[in-house]
Amino acid sequence: MDDTVYDEARADWRTAQCVDTGVKVSLADGVTPALEFMLKCGVPRGVAIRVLAGPRFGRPARSRLPAAGPVPELYKSS
């Protein structure tokens, strides 16, 4: 395993460009094509997944299912 420590989050300019382009691809075409693009560019899989799993790619709160409803009597504390 590489023990190199990087002081900057994006020490490699080419990788930074691939990640930035991958984010744009994900917004236009989805996460799967973006992941494929980043991997073909040589971005480490863990980095690509961490970027694409960020909060900007999650579902907006309004699209989540509504709450299940009131808690049944069985589960209420007395």
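Guide: Start with direction. Helices H1 and H2 are roughly antiparallel to each other. This is a predicted model, and the angle behind that label comes from it. The axes of H1, residues 13–29, and H2, residues 31–41, cross at roughly 160 degrees. Angle and distance belong together: two packed helices are described by the angle between their axes and the distance between the axes. There is also a hand to the crossing of H1 and H2, and it is right-handed.

Now look at the residues that touch. From H1 come Arg14, Cys18, Val19, Thr21, Gly22, Val23, Val25, Ser26 and Asp29. They meet Val31, Pro33, Ala34, Phe37, Met38 and Cys41 in H2. Sort the residues of this contact by type. Ten of them, written 10 in the count, are nonpolar, three are polar and two are charged.

Stay with H1 for a moment. H1 has 17 residues. At 1.5 Å a residue, H1 should span 24 Å. The end C-alpha atoms of H1 are 24 Å apart, which agrees.

Next, find the buried residues of H1. They are Ala16, Cys18, Val19, Gly22, Val23, Val25 and Ser26. Cys18, Val19 and Gly22 are also among the residues of H1 that meet H2. What covers the buried residues of H1? The cover includes H2 and a further helix, H3, residues 45–52.

The axes of H2 and H3 come within 10 Å and cross at roughly 150 degrees. That makes H2 roughly antiparallel to H3. The crossing of H2 and H3 is right-handed. Here Val31, Ala34, Leu35, Met38 and Leu39 in H2 meet Arg45, Ala48, Ile49 and Leu52 in H3. The residues of this contact divide into eight nonpolar, no polar and one charged. Val31, Ala34 and Met38 in H2 meet H3, and these residues of H2 also meet H1.

Finally, step back to the whole protein. There are three helices and zero strands. Along the sequence, the pattern reads α-α-α. The protein has 78 residues, and 22% of them count as buried.

Terms used: Residues are numbered from 1 along each chain as its sequence is written. This is a predicted model: local features need pLDDT of at least 70, side-chain atom pairs count only at pLDDT 80 or more; totals for chains, interfaces and linings use all residues. Side-chain values use heavy atoms; hydrogens and water are left out. Axes are lines fitted to C-alpha atoms, for helices over the stretch in contact, and angles run from 0 to 180 degrees between N-to-C directions. Helices (H or I, at least four residues) and strands (E, at least two) are DSSP runs, numbered from the N terminus. Angles under 35 degrees count as roughly parallel, over 145 as roughly antiparallel, 65 to 115 as roughly perpendicular and the rest as oblique. A crossing is left-handed if the near helix is turned anticlockwise from the far one by less than a right angle, and right-handed if clockwise. Contact means heavy atoms within 4.5 Å. Ala, Val, Leu, Ile, Met, Phe, Trp, Tyr, Cys and Pro count as nonpolar, Asp, Glu, Lys and Arg as charged, and the others, Gly among them, as polar. The expected span of a helix is 1.5 Å times one less than its number of residues. Buried means under 20% relative accessible area, exposed over 50%, partly exposed in between (1.4 Å probe, protein chains only).
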